[in-house]
Amino acid sequence: MNPLDGLFDQVLDLPNAQAQRRLGALIGCDDILAQLLKQATVLVNPRPLEQWSEQFHGRVLPAVHLVCRRTPLIILAGDVGTGKTTLAETFADALARSEKMAIRVMRLSLRTRGHGGTGEATDRIGKAFDVVREETRIHQAVILVIDEADALAQSRALKAMHHEDRAGVNALIRGLDSLVAAAARVLAVMCTNRLGAIDPAVRRRAAGLFILERPTEAQRHALLANALGDALKEDEIAEIARMTGPRNASGVVTRGPTYRRGSSPRLYWPPIPTTRSATSSYASS
Ligand SMILES: Nc1ncnc2c1ncn2[C@@H]1O[C@H](COP(=O)(O)OP(=O)(O)O)[C@@H](O)[C@H]1O
Ligand SMILES: [Mg+2]
């Protein structure tokens, strides 16, 4: 079967020079990237952490088991254009290089939902997870990118939700759980600009949630300077950076947030469930 057969709309093998360039061009994402890489390293390959525990504590501590048994799911949330897709597709390039791993990035197609036929979404989502797990026979790790995830993982609490869409979310949750059970070396990364619309059972499973913020004036300045080189004068670039900031209701430019983007990534760590059975009930809730 052709893995791109309507299930994935992009497959990218890392390391890859273009991915490295796209990742390198992201401004203000360094702290999130560092956290993402740490999380991904442990989730994709827990062995070094276990070895560390054996070396310094004489055994694999229960805490290590808990950390390693989390669902290998990371959510990137934030406004449109804040770099979620770019980061999801390229962050593992740094991992592929540092760990000398062959990593395949597969972007799940929204067509995986099917056309509403009975059992179609369940079948196709199940198949997509089978394909990514299978890929780890050839690649040391697979990043499953679920872009615009709110379309696939929207809250089942919505009254108007079609039965098949609800079945699709259940299938997605089963797929995510299958990645834990199999210690499958697959990391799912969901991107969304509607975090609130994501099903709570999916959100609860996430091992990490990162919120990407809009760029500050200094970051807009850096972006513009990169893009324009010496085509404009320094003070002209500074003026554009100022003018492209947030505006109030009357359209007047405001100073915007004073934090430096990326200086303190907003991270949320959902509680780690003590047993799998404690979480599996979410799938049917
Ligand atoms: N932090 C950033 N630094 C530099 N370029 C960025 C940044 N965030 C987004 N971009 C650029 O904006 C465009 C849209 O980014 P994208 O990853 O598609 O955003 P999102 O998925 O959050 O909507 C891309 O060309 C990307 O390179
Ligand atoms: Mg996007």
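Helices (H or I, at least four residues) and strands (E, at least two) are DSSP runs, numbered from the N terminus. This is a predicted model, in which local features need pLDDT of at least 70, side-chain atom pairs count only at pLDDT 80 or more, and totals for chains, interfaces and linings use all residues. Residues are numbered from 1 along each chain as its sequence is written, while chains are lettered from A and ligands numbered from 1 in the order in which they are written.

Start with P15. This residue sits in the loop between strand 1 (8–14) and helix 1 (17–24). The peptide bond between L14 and P15 is cis, with omega about 0°.

Now turn to strand 4, residues 141–146. Six of its six residues are buried, meaning that 20 or more other C-beta atoms lie within 10 Å of a residue's own, with C-beta atoms placed from the backbone. In a regular strand, side chains alternate between the two faces of the sheet. Here A141, I143 and V145 are buried on one side, and V142, L144 and I146 on the other.

Strand 4 has partners, where pairing takes at least two DSSP bridges between two strands. Strand 3 (residues 103–108) pairs with strand 4 in parallel over five bridges. V105 faces I143 there. Strand 5 (residues 186–192) also runs parallel to strand 4, joined by five bridges. I146 has M190 as its bridge partner in strand 5.

Two loops deserve a look. Most residues other than glycine have a negative phi. K100, between helix 5 (84–98) and strand 3, has a positive phi near 50°. E148, between strand 4 and helix 7 (163–181), has a positive phi of about 45°.

Key:
Buried ≥ 20, exposed ≤ 12 C-beta atoms within 10 Å, placed from the backbone.
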